[in-house]
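Here is a short report on a ligand and the protein around it. Keep the sequence and the 3D view open while reading.

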Amino acid sequence: VPDDLQGRVVLITGANSGIGRATAEALAVRGAQVVMAGRSEEKTRPVLDEIRAAHPGAAVEFLPLDLASFASVRAAAATFLASGRPLDVLINNAGLAGTRRLTAEGFDMTYGTNHIGPFLLTSLLLPALQSAPQGRVVNVASDAHRGVKHMEWSGLDRRTEPARSGWRAYALTKLMNVLHARALAHRLGDTRVTTYSLHPGVIASNIWRSVPWPIRPLMTLFMQSNSEGARTPVYCATAPELAAISGRYYDHEHDVRPSALGADDALAEELWVRTEAAIAGTGA
Ligand SMILES: NC(=O)c1ccc[n+]([C@@H]2O[C@H](COP(=O)([O-])OP(=O)(O)OC[C@H]3O[C@@H](n4cnc5c(N)ncnc54)[C@H](OP(=O)(O)O)[C@@H]3O)[C@@H](O)[C@H]2O)c1
């Protein structure tokens, strides 16, 4: 087993399940210190135990993080920063689809979890990323972003009542993940920190939990495994040949073109400004 990531610190969100779990394990096996950030210690504990049992010496730890609460995002970032460690890689992996709920600040749950919370977390962790030899931000987006033909900003507005949010909202948040990586790359142009967004493949994870039986087992039968889903995240997080490349989109460990909207720098900048304003507007 290679231990080429010895000494590197990786923080990954949503690592108790699916692609995130497989990515955390693949990095820990190579010697990285992996901080598994999630909203449930109860769900993450057994995962930590299994990884440690399968790979003695694996340096995995839990960090409480609920992306749907700014207070939780700020507390998680503060806890990590207080550890004084540089952050080599932040993997924004956590995500969901098909909800009818609001975040603590009143954003739609899909937007809050998939884009707004990760945007805030990334901004707060930048000092630690900048103190690493070559920090990286990896956004687990999706080819679902290609389904968006017109940008829509209403998901960044706070609501008083939750509304059903389905495939379109999900696709919009995944486009936002692509644009966030792009805008951040521009902003970090004079630093060593690089950014990436990616499509992990179509993976039989828990993300399909809201799809009813018997459609779900039939659908997932034709999908790839979680460890196959971890390949492109691991590639973006570690490939030495990507150290000087930033803001691009990957699929199957290859640099590919995102949709026209996903490659629009003005749109990326607009997303940045609007998301900052949405966060500031809450006062939280
Ligand atoms: N599966 C696919 O085919 C596919 C395709 C393209 C892109 N993706 C992307 O891949 C990423 C990982 O998804 P997955 O397929 O591995 O799904 P998954 O098995 O459902 O895992 C999602 C993870 O996100 C976490 N999460 C959800 N809400 C959270 C919150 N408020 N705070 C912190 N963590 C939260 C979940 O924690 P809990 O267990 O506590 O809910 C879970 O650990 C997502 O960004 C998804 O959009 C997946």
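## Around the ligand

In this predicted model, 31 residues surround the ligand. The closest are Asn16, Ser17, Arg39, Tyr170 and Ser205. Sorted by class, the shell holds 14 nonpolar residues, 12 polar ones and five charged ones.

At Gly14, a backbone N or O atom lies 3.1 Å from an oxygen atom of the ligand. At Asn206, a polar backbone atom is 3.1 Å from a ligand oxygen atom.

Asp66 uses its side chain. An N or O atom there is 2.9 Å from a nitrogen atom of the ligand.

## Cover and pocket

On its own, the ligand has 900 Å² of accessible area, and the protein covers 98% of this area. The ligand sits in the largest pocket. Two elements give two or more residues to the shell around the ligand: helix 1 (18–29) and helix 5 (167–187).

## Thr194

Now to a residue in a strand. Thr194 belongs to strand 6, which spans residues 194–199. Is Thr194 buried or exposed? Thr194 counts as buried, because its relative accessibility is 5%, and the cut-off for buried is under 20%.

Asp265 is 71 residues from Thr194 along the chain. The C-alpha atoms of Thr194 and Asp265 are separated by 16 Å.

Conventions: Residues numbered from 1 in each chain as written. Predicted model: local features only at pLDDT ≥ 70, side-chain atom pairs only at ≥ 80, totals over all residues. Heavy atoms only, no water. Near = heavy atom within 4 Å. Polar contact = N/O pair within 3.5 Å; in protein donor to acceptor, adjacent residues only side chain to side chain. Areas by Shrake-Rupley, 256 points an atom, 1.4 Å probe, with all protein chains shown as cover. 1 Å grid on protein atoms, 1.4 Å probe; cavity = no way out; pocket = protein on both sides within 12 Å on 5 of 7 lines; lining within 4 Å. Sits in = over half its atoms within 2 Å of the grid points. Helix = DSSP H or I, 4+ residues; strand = E, 2+ residues; numbered from the N terminus. Nonpolar A, V, L, I, M, F, W, Y, C, P; charged D, E, K, R; others polar. Buried < 20%, exposed > 50% of the residue type's maximum accessible area, 1.4 Å probe, protein only.
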